[in-house]
Amino acid sequence: MKPQKVYIADYETISSLGTGNERIFNSLKTNFCAERTIERFDPSGMPFTRAAAITDDLSPLYREAHPKLIEACYYDKKLEMLVALYYLMKTRLHQLFSQAAPTEKGVILGVGINVTPLLSLEKTLDKLSSSQGDLYIRAVDSLITERCDINPVLNAYDLYPVILAHELQLYAFQKPILTACAASTQAIAFGYDAIRYGEAQVVLAGGTDSIINDIAFMSFGKLGVLAETENESEVGSCKPFDISRNGTLAGEAAGFSVLMSEEAAEKAGINPAFELLGYGNTLDAYKITAPDPNGKGMARAIRAALTNSGIRPEEIDYINLHGTGTRANDEVELLAFREVFGDALNGIPLSSTKDRHGHAIAAAGILEFNILCMCMENHFIPCNLNLRNPIGDHHFDLVMHNNRDKQITIGLSNNFAFGGVNTVLVLKRLT
Amino acid sequence: MSRKAFITGYCLRAPGINSDTDLYETLVGGRFNPVFTSIEIAENYFTEVGLIDFGCEDRFLPKASLQKTMRPDVLASCICISELMEKYAITREEAESMPLFVANGVTLEPVWEENNAVHAAFYSENHPLHKAEKQAILYQSFPPLSALRTLTNATESFISQVSGLAGNNVTFGSTSLSGFYTLQEGVRRIKRGECKRVIVGGSFFAGIFSNLSFKNFAPDSRRRESTVAVYLLLESEEKRKERGNHGGYFVHEMKSLARVAPVDEKPNGQPYVEMVKHCQPGPVLYSGGLTGHSFQEESEVLQTTRLPQFSWFPFLGHLGAVSMLMNVITGISLLGCESAAMVNCLDRDPYGRESLAVISKEIE
């Protein structure tokens, strides 16, 4: 079978920059930074008090959802964002997926780790009050009493795609991907393969994740990857590619990208705006706690993405970098791009948008891929908002101070996960 | 392009089974002594958990400092991969471009001890404390490397670190269907000619969190499950011939039925009704699901096929993400000692999604 072209038929996003693409793009244009003091739980006692949290009340979006699902959304922010996103895009999704047979449609999502924040369990914990150490287990256990597909807490990762599969009859496959910061990037990549090689005609790819909860803060905080709050009144703690960067900003997001074959697009009468040209996907095989300082794994992923897409470095108009703002990632990322692009990198605008919306971990890939789509549609390049003193040689075009207007025909989006998973996507604007 | 994807070799760690020889002797000789422990999850709610033995030659063990940060299923995975690489002469150079597709189950189990510490702090004798004080105690008591043990891609990333495997990759989770997906991913890549060799496999960490994650499917049951790691080396036909290897086992057919029920309904009643239509003459290996009830249901349906059947469920219980892969390697072991030319490996996950992998013996 001849490999199929893979188009992006539609996309939608919920993030701390706004609910829906339109609001998110407006936030990008106006240089809105979603960083603020955490209100969802009390961070006092920890060295971090800020995050890029969604402040919109999402519940009106999903009030018609199943009561069990609504209950689970209370405990699980990433489930809430996913369900809200589905309802936000419901009419369009049903229209897009109505043309293909159920066995020709699949769903693949990057999903973050399943923890139940301690403080959302506090009332339950209080009821069980004792000095025993197994209260968390007992609290969770006491909430799961019924025979149903949905637990109020601690669901299997499969539940996330399964819910969507049921709503949209996506019966070809339902795959959750668990590769942390590269999870939803890989979801798009493996969705691409599914269409390219005829496993499906339409794929709902994306992801959802939130690390704005007490357990995640303790976990990531102790690893030293979160930017410590230095000045309570000053926004801008996440500074990708800046000499003074000291960590990332916790974030959250959910996003969908509807991937479609040429045949399915024609059948649905859709004139797609983007073609996904290919991807590269590698492992570092270095240390689980840090990227390879020589950037070999990243460079192999970038090179593979270009080769598989049939694109030369000089054809790239913009790169949306992973740029976490951590000491470990940013320098190696630039090194890897320099290794592959050589001097051709000098003319290419580079930026990370994590300083605005935070690091959405398993949803970082879909959020930043969708932002790339927005930028390409609007001939727009966002600047590195908090960058003042860039690292690396002065030939890198790390966009600073102001956003730019520029036509982007070919764009790159990449994510390099904790644990050394490197995934790069190449996107082409068609219309 | 390769027409066939061969299963050249495998390694595993399961309760009472540390090698392919152990597996063969268990199946044929009936020698099987798994170790189980009983865990009380809540009042009158117990689970039996099968434990694995990490016994192996020292050279297959990761460094002691790494072992400390690994979950047991991750450690077992790393041992399996090291054994597999040595046995099948996978060089570091080859590993750099070799794909690795992993299925992983629930990964929160290691936070059990952490949670004890954290909650002891949370509800310490000074309780009720001011929230800031509680939070400070929580933060101080949280182990620094906890994230490594709970990381959802810890298996894949640790394997990569210790083995040098650095090609295309993914981690699917978390039910038994993910094991099917990893095998399918490897088979497809070989058939498309993207690679000559690929490692697929997965691990499952049995225990409290697995029970809690799946408790809604069987709230009243006393359950049994086992920690398991299974990894397979798949090869293209060309690669096999290149090594002068003939005969062997290949993936004849793979099918899945991922029709899901509405959220407020139980998964479809009768299991495998569609899947048995695709079964080939030969033994049927099936997973048995989560509980004794689901095992019974599956057994009854499969008895109507009149095909010989076997399940690990009565011995090891639920095997999570690794169920299908365990059936596949068991099938290979059976094909090695029986006259059958094919085995059928069946699985049904808690959402009622079914999958079938038919493994065939290549006649020289």
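View 1. B:Arg189 counts as buried, at 1% relative accessibility. The model shown here and in the other views is predicted. B:Glu194 forms a salt bridge with B:Arg189, and their closest N and O atoms lie 2.9 Å apart. B:Glu194 is partly exposed, with a relative accessible area of 38%. Both residues belong to a network of salt bridges that share partners. From chain B the network also takes in B:Glu185, B:Arg188 and B:Arg192. From chain A come A:Lys175, A:Asp193 and A:Glu199.

**View 2. Chain A and chain B meet in a contact of 84 residues from each chain.** Between them the two chains bury about 7,200 Å². Carbon and sulfur atoms account for 60% of that area. On the chain A side, A:Asp149, A:Lys222 and A:Ile288 lose the most area to chain B. Together these three make up 10% of what that side buries.

**View 3. Polar contacts and salt bridges cross the interface of chain A and chain B.** The polar contacts involve 34 residue pairs, with both residues at pLDDT 80 or more. The salt bridges between the two chains number six. One of them joins B:Glu96 to A:Arg300, with 4.0 Å between the closest N and O atoms.

**View 4. Helices and strands of chain A supply residues to the side that touches chain B.** Among the elements giving at least two residues each are helix H4 (122-127), helix H7 (183-196) and strand S9 (274-283). The largest share, eight residues, comes from H8(A). By type, this side of chain A divides into 45 nonpolar, 21 polar and 18 charged residues.

**View 5. A:Asp56 and A:Arg23 meet in a salt bridge within chain A.** The N to O distance is 2.9 Å. A:Asp56 lies in the loop between strand S4 (50-51) and helix H2 (67-75), and A:Arg23 lies in helix H1 (residues 21-29), so the pair ties together parts 33 residues apart in sequence. A:Asp56 is partly exposed at 24% relative accessibility. A:Arg23 is partly exposed too, at 45%.

**View 6. A:Glu331 forms a salt bridge with A:Arg245.** Their closest N and O atoms are 3.4 Å apart. The pair links distant parts of the chain, 86 residues apart. A:Glu331 sits in helix H11 (residues 327-341) of chain A. A:Arg245 sits in the loop between H8 and strand S8 (252-261). A:Arg245 is buried, with a relative accessible area of 2%, whereas A:Glu331 is partly exposed at 46%. Over all chains, the structure holds 45 salt bridges.

Key
Residues numbered from 1 in each chain as written. Chains lettered and ligands numbered in written order. Predicted model: local features only at pLDDT ≥ 70, side-chain atom pairs only at ≥ 80, totals over all residues. Heavy atoms only, no water. Contact = heavy atoms within 4.5 Å. Buried area = accessible area lost by both parts, 1.4 Å probe. Salt bridge = Lys/Arg side-chain N within 4 Å of Asp/Glu carboxyl O. Polar contact = N/O pair within 3.5 Å; in protein donor to acceptor, adjacent residues only side chain to side chain. Helix = DSSP H or I, 4+ residues; strand = E, 2+ residues; numbered from the N terminus. Nonpolar A, V, L, I, M, F, W, Y, C, P; charged D, E, K, R; others polar. Buried < 20%, exposed > 50% of the residue type's maximum accessible area, 1.4 Å probe, protein only.
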